[in-house]
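Subject: Structure for your review

Dear colleague,

Please find below the sequence and structure that I am handing over to you.

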Amino acid sequence: LRSVLRIAVGETVEIGLLHGRTGQAVVEAHDRETTTLACEWTSDGPALGSDLLVLAVPRPVVLVRCLEAATAMGFGQIVLLRTRLVDKSHLMAKAMKPEALQQHLRRGLEQGARTRPPRLHLAERFKPFVEEQLEELTPSGPRFVGHPGPEPTGLSHALAGGTGFTLAVGPERGFT
C-alpha cells in the first residue's frame with residue numbers, strides 16, 4: 001500500500017479476502033511495519049469461473065506469466081499438462097513447487113480483483129489425462145485448441161456470456 005500504491009492515511013482502497021468477500025477500506029494509520037484499515041465488506045466477490053484452461057507446461061518464466069494472466073481472466077480450473085514435447089526439467093523447476101504456484105495464482109487474483117483462485121491440477125501423462133479425466137473436467141460449452149500453423153478458414157464462434165469453455169494450449173511446438 002505504501003510503496004506501490006502510495007496510499008496515505010484517510011484514503012480508500014479496494015480490498016478482497018482470499019476465498020471470500022470484497023469491499024473497501026479506509027487507511028486509518030501507518031507505521032513502519034503495519035497499516036491499520038477500517039474495512040467494509042460489500043460483496044461476496046466474483047464467483048469462480050466455469051472455464052477450463054489446459055496448458056502444456058511451458059518454460060518456467062512463461063509458466064509464471066500464464067498462471068497469473070489465466071487467474072486474472074477468471075479461469076475456474078487450470079490443468080498443467082505434461083506432453084511429449086514438454087521438457088522434463090520444466091516439471092522440476094522452482095516455479096512448479098506448490099508454494100510458488102500458489103504465489104502466482106495469488107498475484108493473478110490481485111491483478112484481476114478476484115478472491116477465488118482457480119482449481120489447479122497437474123496431469124503428468126497426456127494420454128491418460130485425455131482418455132480418463134478431460135471429459136469430467138470440461139465444461140459443456142465450446143472447446144478450443146491453440147496450435148501453431150495456418151488459421152482454419154470459415155471458423156467463427158461467439159461465446160455466450162455465462163457458458164463455460166475449454167481452451168487447450170500446447171507446448172511451443174504444438175501438440176503432436
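This is a predicted model: local features need pLDDT of at least 70, side-chain atom pairs count only at pLDDT 80 or more; totals for chains, interfaces and linings use all residues.

Helix H1

Just after H1, Gly74 adopts a positive phi of about 100 degrees.

Which residues of H1 are buried? They are Val62, Leu63, Val64, Leu67, Ala70 and Thr71. As background, an α-helix has 3.6 residues a turn, so residues three or four places apart point the same way. The cover over the buried residues of H1 includes strand S4 (52–56) and strand S5 (77–81), together with helix H3 (98–112) and strand S6 (119–123).

Leu63 is in contact with Leu55, Pro58, Leu80, Ala95, Met96 and Leu101, leaving aside its neighbours within four places in sequence. Thr71, also found in helix H1, has a relative accessibility of 1% and therefore counts as buried, the cut-off being under 20%. Not counting residues up to four places away in sequence, Thr71 touches Ile78, Leu105, Gly108, Leu109, Arg114 and Pro118.

Nonpolar cores

The largest nonpolar core comprises 18 residues, and those with the most contacts inside it are Leu63, Leu67, Ile78 and Leu80. Two or more residues of this core come from each of S4, H1, S5 and H3. H1 provides the largest share, with four residues. Another core, of nine residues, lies apart from it; Leu52, Val54, Leu81 and Leu137 are among its members.

Cavity and pocket

How many cavities of 30 Å³ or more does a search of the whole structure find? The search finds one. The largest cavity holds about 40 Å³ of space. Its lining is formed by Pro46, Ala47, Leu48, Gly49, Thr71, Gly74, Phe75, Arg114, Thr115, Arg116 and Pro118. By class, this lining has five nonpolar, four polar and two charged residues.

The largest pocket contains about 550 Å³ of space. It is lined by 17 residues, of which Glu14, Ile15, Gly16, Leu109 and Glu110 are the closest to its centre. Strand S1 (12–16), strand S2 (22–30) and H3 each contribute at least two residues to this lining, and S1 gives the most, with four residues. The lining of the pocket divides into nine nonpolar, four polar and four charged residues.

Gly45

Where is Gly45 found? Gly45 is in the loop between strand S3 (35–43) and S4. Ser89 is 44 residues from Gly45 along the chain, and the C-alpha atoms of Gly45 and Ser89 are separated by 37 Å.

Yours sincerely,
A colleague

Notes. Residues are numbered from 1 along each chain as its sequence is written. Side-chain values use heavy atoms; hydrogens and water are left out. Buried means under 20% relative accessible area, exposed over 50%, partly exposed in between (1.4 Å probe, protein chains only). Contact means heavy atoms within 4.5 Å. On a 1 Å grid over the protein atoms alone, a cavity is a set of points where a 1.4 Å probe fits but cannot get out, and a pocket is an open set with protein on both sides within 12 Å along at least five of seven lines; lining residues have an atom within 4 Å of a point. Grid points are joined across faces, edges and corners, and a volume is the space filled by probe spheres set on the points. Ala, Val, Leu, Ile, Met, Phe, Trp, Tyr, Cys and Pro count as nonpolar, Asp, Glu, Lys and Arg as charged, and the others, Gly among them, as polar. A nonpolar core is a set of buried Ala, Val, Leu, Ile, Met, Phe, Trp, Tyr and Cys residues joined through side-chain atoms within 4.5 Å.
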